[in-house]
Amino acid sequence: MAPVWGLTAGMEIRMMKGICNCPNIPCTYRNNCAACIAHSREEGTLCNCMEETAIKLGAELPVSFPDTEIFPDNEGMSRRCAQLVKECLVKKPDALLCFPAGSTVIRTCEILKEMQNKGEIDFSQADFVALDEWLDLEDESENCTNFLKKHLYNPLGIRPEKMHLFDIHAKDLGKECARIDEIIFQHGGIDLMLLGLGMNGHLGLNEPGGNFGDYAKVVELSETTMSVGQKYFSGPMKLSRGITLGVHHMFETKQVILQVSGTAKKDIVERMYKSRPTDEIPGTVLKLLPGGKVVLDEAAAEGIKNFFD
Ligand SMILES: N[C@@H]1[C@@H](O)[C@H](O)[C@@H](COP(=O)(O)O)O[C@@H]1O
């Protein structure tokens with residue numbers, strides 16, 4: 001599939017000459033680094049430090065569209081994601097799975113429950129690790145953990161020892177992040193991570209401007225997330241910080257599936273597909289992940305449908 005973000009010539013150069021050896025790694029100048037541009041002109045290399053960082057983390061070049069599947073509606077999109085979870089568990093019954101806490105995943109969770117009722121899927125050996133969680137909430141009853149207990153863990157009968165959740169009351173949240181990282185490392189990485197896309201392009205709570213090289217971390221929330229996040233609570237909720245798996249985990253996950261549904265997401269999906277990989281739109285990392293796949297419904301894909309003619 002042809003790339004759409006104007007790098008066709010650059011990609012040819014990159015494949016012939018490799019990447020630039022700019023000393024600013026990771027480069028905070030992104031695409032405007034003078035050293036990179038000079039290398040690019042003089043040596044015919046590619047001036048994109050983010051891609052260089054990504055390669056170090058295991059990405060495969062050339063970078064182009066993520067593997068993408070588009071379904072007519074939310075039902076089709078949800079069924080495909082449930083099918084991918086099933087295929088993962090058939091191959092590896094004791095897989096480590098990671099689910100997002102958001103509206104998009106709800107139908108997928110219901111379908112997984114239906115499959116379990118029919119004996120088509122077996123979660124008894126699977127482990128789950130939390131993707132993200134809000135910090136400092138006045139009332140935690142509607143936080144991400146309780147959302148997933150309601151929609152996923154409780155309906156599927158997942159035992160507490162199989163759920164690896166952030167202890168948001170840990171005295172040292174840095175150590176808590178390291179503890180969750182260690183659980184993931186001990187499992188040999190996450191086998192399947194299902195993600196939703198934030199209205200600002202975030203993945204988990206990896207907000208715009210974060211570092212693709214980070215493992216689990218505590219983050220300050222963006223204004224967009226603080227306001228969009230209100231939808232998860234029955235009354236106004238002060239949101240300020242979160243704890244999240246980092247993008248580095250995504251590079252080490254065997255299969256990362258980003259599911260996106262609905263018209264409200266069409267603009268951010270279009271931006272994500274048109275942009276080169278950048279931490280300003282974390283969803284663009286799907287273009288770099290060796291095991292990345294995007295599953296959309298037509299409403300979310302409206303702005304990119306002409307890319308797939
Ligand atoms: N922290 C969560 C993410 O993990 C979620 O996947 C994403 C999309 O949510 P939704 O599916 O509700 O649009 O944003 C939320 O803020």
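In what order do the three strands of the open sheet come? The order is β4-β8-β7, and the pairing is antiparallel. Keep in mind that this is a predicted model, where local features need pLDDT of at least 70, side-chain atom pairs count only at pLDDT 80 or more, and totals for chains, interfaces and linings use all residues. Residues are numbered from 1 along each chain as its sequence is written, and side-chain values use heavy atoms, with hydrogens and water left out.

**The sheet**

- Strands here are DSSP runs of E with at least two residues, helices are runs of H or I with at least four, and both are numbered from the N terminus.
- Two strands count as paired if DSSP finds at least two bridges between them.
- At the edges sit β4 (132-135) and β7 (217-220), each pairing on one side only.
- On average, neighbouring strands of this sheet are turned by 25° against each other, direction ignored (axes are lines fitted to C-alpha atoms, and angles run from 0 to 180 degrees between N-to-C directions).
- β7 and β8 (residues 241-244) run antiparallel and are joined by four bridges.
- Across that pair, V218 stands opposite I243 in β8.

- D127 lies in strand β3 (residues 127-129) and is buried, because its relative accessible area is 8% (buried is under 20%, exposed over 50%, partly exposed in between, with a 1.4 Å probe and protein chains only).
- Among the residues that D127 touches, not counting those up to four places away in sequence, are E161, K162, H164 and H187.
- P72 is in the loop between β1 (67-71) and α4, and P72 counts as exposed because its relative accessibility is 57%.
- From P72 to E138 it's 66 residues in sequence and 40 Å in space, C-alpha to C-alpha.

**Around the ligand**

- There are 15 residues around the ligand, and S103, T104, D132, Y232 and K265 come nearest (a residue is near if one of its heavy atoms lies within 4 Å).
- A polar side-chain atom of K265 is 2.7 Å from an oxygen atom of the ligand, a polar contact being a pair of N or O atoms within 3.5 Å.
- An N or O atom in the side chain of K231 is 2.8 Å from a ligand oxygen atom.
- For G196, a backbone N or O atom lies 3.3 Å from an oxygen atom of the ligand.

How values were computed. Contact means heavy atoms within 4.5 Å. A polar contact is a pair of N or O atoms within 3.5 Å; within protein, one must be able to donate a hydrogen and the other to accept it, and residues adjacent in sequence count only if both atoms are side-chain atoms.
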